[in-house]
Amino acid sequence: MTRQLDTDGRLRHFLTTEGLPRNLLLQLLDTAESFAGVIGKSVKKVPLLRGRTVINLFFEASTRTRITFELAAKRLSADVLNVNVATTTVKGESLLDMLRNLEAMQADMFVVRHSESGTAEYVAQHVGESVSVLNAGDGWHAHPTQAMLDAFTIRRHKGGFEPLVIAIVGDVMHSRVARSQIHALGGLGAGEVRVIAPRTLLPRDIESLGVRVFHDMRLGLKDADVVIMLRLQRERMQGALLPSEPEYFRLYGLTEDKLAVAKPDAIVMHPGPINRGVEIDSRVADGARSVILEQVTNGIAVRMAVMSMALGARRETPPAPA
Amino acid sequence: MTRQLDTDGRLRHFLTTEGLPRNLLLQLLDTAESFAGVIGKSVKKVPLLRGRTVINLFFEASTRTRITFELAAKRLSADVLNVNVATTTVKGESLLDMLRNLEAMQADMFVVRHSESGTAEYVAQHVGESVSVLNAGDGWHAHPTQAMLDAFTIRRHKGGFEPLVIAIVGDVMHSRVARSQIHALGGLGAGEVRVIAPRTLLPRDIESLGVRVFHDMRLGLKDADVVIMLRLQRERMQGALLPSEPEYFRLYGLTEDKLAVAKPDAIVMHPGPINRGVEIDSRVADGARSVILEQVTNGIAVRMAVMSMALGARRETPPAPA
Amino acid sequence: MTRQLDTDGRLRHFLTTEGLPRNLLLQLLDTAESFAGVIGKSVKKVPLLRGRTVINLFFEASTRTRITFELAAKRLSADVLNVNVATTTVKGESLLDMLRNLEAMQADMFVVRHSESGTAEYVAQHVGESVSVLNAGDGWHAHPTQAMLDAFTIRRHKGGFEPLVIAIVGDVMHSRVARSQIHALGGLGAGEVRVIAPRTLLPRDIESLGVRVFHDMRLGLKDADVVIMLRLQRERMQGALLPSEPEYFRLYGLTEDKLAVAKPDAIVMHPGPINRGVEIDSRVADGARSVILEQVTNGIAVRMAVMSMALGARRETPPAPA
């Protein structure tokens, strides 16, 4: 696997939360904290990456994710180019040749989104010294910036990770988000990470990741500090993995009733976009314990942190508004 | 209806020209005048909206309109993101959830374009305190920046509105532009606003808007100071509302011959894009009295004015070139 | 033909390398040299075109070319708008009316890409005084920035043009790149320009351009200082112009074996994207004598040079990093 850190232990690529040292995860959260202050202001811009070139290399359409990275890069004053590879006339050019070309244009960073697991890793293996690669989601494998914005949101509400019981609920099998969360929360020393899902939506080896497995919501949510709902891909219904949407909602949909067994100050999270009435009830999604929209806001700060760290703008001083 | 003004009477959203107080309409024209000077220079940029985020939220494709707003925002130094919702994989996300998400990313302004009347209003009703909404055209309802750039162009040529006879010609029924013009010109105190159209292209209640109705071009254009031609949507021909293009041109197409009954210094306007030989003869469109391209130029300044006013950059001092 | 130079002999449009005076070609290379230093730095940006508006007017999709112009413009601090005319709802608007509109928005430069020869020229004939037009490739006719980046790359490696033997190999008939190269290299005083191609891929009048014609690779490459391979459009195979890909590769594909007859320090060039195993062997494309990726890097500097010269930022002082 490509090393994500350079020889000085500093972030170069950001491909997965798996195996990252705790101090780096914490540095990322701390850096994001400094940016969170910036983007709350009317002038939401710092000059840290002025003159740097970030290329959004999207092999599958994801307007939502593209926007978050584009915004993060622009708020760091970088130049951003969107390259939608699906619609590109590739003219028989191989991926490698395309990468070499973009690199030759002095791009500093590729933000890679692909429907196949391992693509960001592959890209990182093949770029030159001066380019950083961020994984913006690859297949079922990883979505590390999403996991870090979740960790950021948890820390803002709970102060730390050690004493927490964190329950991840839903389609863990097909969720790159869940995998990245489990690795990030493990790396950050979370007290207990639980997964709650029907057997058909759990990978076989899930316990080897250090999580406790539950198939019953009320047992799994008991005394949880944080409840993370996963998006249910509706196409799973056809795949005979699930009975029906109403049945799924009855068993695994988060309702106020089920949430009652969690801690009174438990927070509810979701990577979005939410399926109201499928994996989460609207009263919960829009309720006082939901921090779903905070996650979105924090996502910009976290992506700014990853970008600025990976591009070597590893300043000791906090960024000043420009 | 959503208030477009905040409690201090300042512009917050810009959804319609209907009901806006005259002093605000004039303030908008005056602000646009200050920007018109800026964009005539080689450095067409002011730092007024640096660090602000403008999102072009287009639910129907309109490259032309998108470009004008994108240019206006960039010349104010804002960061602009184009989101083409039609092509977005919405993944079952509702419009409201999408808005909340974009808002959570600390967007400052949504520029909304939609084929259905009322969408910009709906969006404005549902955004939070810190977001401004601009209507870039919603169905047959309104296109307020177009109306204001028309008013701006008229004032530049005629000095004011009170003594003017202004004739709007063509498909008033399906024209958001015409509706917005009638409200804006009424609010600015135009002497007499006329509409000239066949009965099939006039809404029934049109006289209640304070306009004089004509079905004959030569009667309606008599002594007009300003002639505003509307674009004829060619698909109306199929709808049995109109006989044929040549017949329409014979009756309602603007020719030098028909224009001769207007005042000698009458100006000719059109929101574009023009249908040469359908609603306007090329000799008129490209003639000495046409101000059609000036309208395009003025459109940037007017949109800069609306954006800067709505985003609270309501400075007393004129913008300095950056 | 539209004059590319203004009355003071300075670059206004850049449509073709044909007929440009040597001193201007050299000035362009020298200006590019100053930018090449800038884009090697981490802050790859100069403020030369701040507040200027560049519109990429692409009538055929070419992500690769669009990116190079977009990057060049952004690194000059210009505002860039991408207008993909193919997907634009033109609403019956003519090309001329569209140009006048974009011009009225105070665009400073159109970068035009079209599948038909002569389009950039046509656009240049019809824009107003204040707009510059760059040809980003029109049909088989010209691709002048590609030719200049090739010349730039050659000069960097060989110091000059006079003593050189330069061989252009492949589908000269359908290559706008080849035409532009021949004119540029001629204008710069290259010692000998050869074309090597089967008869079916050579225009009849090619010798009138001052080149030597070869149909045999080994004869044509003999003692060459520079070998420029052209991309083979695979659709030519169907057109009965060529036997088969393997047969083409056997006769005209650049291999180490064939390259052995060129000078020992010959460099290998290709405008990209390359067809590995069709017109060039991977060992050559990735080998020590290949400067293909340098060409890509140089392409940004050359396009920055053309843009800054055409927009009148013809400063005597070298650009300072911003």
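Trainee: How many residues does each side bring to the contact of chain B and chain A?
Mentor: Chain B gives 18 residues and chain A gives 22 residues. Keep in mind that this is a predicted model.

Trainee: Which elements of chain B give two or more residues to the side that touches chain A?
Mentor: They are β2 (79-84) and α3 (95-104) of chain B. α3(B) gives the most, with four residues.

Trainee: New topic. What rotation superposes chain C on chain A?
Mentor: A rotation of 120 degrees, with 0.0 Å of shift along its axis. The RMSD is 0.0 Å. The two copies are thus related as by a three-fold rotation axis.

Trainee: Now inside chain A. What domains does the assignment give?
Mentor: Domain 1 is 22-142 + 297-310, and domain 2 is 144-295. Their centres, taken over C-alpha atoms, are separated by 26 Å.

Trainee: How many residues does each domain of chain A put into the contact?
Mentor: Domain 1 of chain A puts in 20 residues, and domain 2 of chain A puts in 19 residues.

Trainee: Which elements supply at least two residues on the domain 1 side?
Mentor: In chain A, α1 (22-39), β4 (132-138) and α12 (292-310) each do. The largest share, six residues, comes from α12(A). By class, that side of domain 1 of chain A has ten nonpolar, seven polar and three charged residues.

Trainee: Let's jump to chain C. How many residues are in helix α11?
Mentor: Helix α11 of chain C has 19 residues, 292-310. From first C-alpha to last, α11(C) reaches 27 Å, close to the 27 Å expected at 1.5 Å a residue.

Trainee: Where does α11(C) bend?
Mentor: At Asn298(C), by about 25 degrees. After the helix comes Gly312(C), with a positive phi near 75 degrees.

Trainee: Is α11(C) largely enclosed or largely open?
Mentor: Largely enclosed by the rest of the structure, because 17 of its 19 residues are buried.

Trainee: Last one. Where is Glu247(B) found?
Mentor: In helix α9 of chain B, residues 245-252.

Trainee: Buried or exposed?
Mentor: Glu247(B) counts as exposed, because it has 12 C-beta neighbours inside 10 Å. The cut-off for exposed is 12 or fewer.

Trainee: How far apart are the C-alpha atoms of Glu247(B) and Val278(B)?
Mentor: They are separated by 9.2 Å. Along the chain, the two are 31 residues apart.

Terms used: Residues numbered from 1 in each chain as written. Chains lettered and ligands numbered in written order. Predicted model: local features only at pLDDT ≥ 70, side-chain atom pairs only at ≥ 80, totals over all residues. Contact = placed C-beta atoms within 7 Å. Expected span 1.5 Å × (residues − 1). Bend = angle between axes of the 7 residues up to and from the residue. Buried ≥ 20, exposed ≤ 12 C-beta atoms within 10 Å, placed from the backbone. Least-squares fit on C-alpha atoms with pLDDT ≥ 70 in both. Domains from an automatic or database assignment. Nonpolar A, V, L, I, M, F, W, Y, C, P; charged D, E, K, R; others polar.
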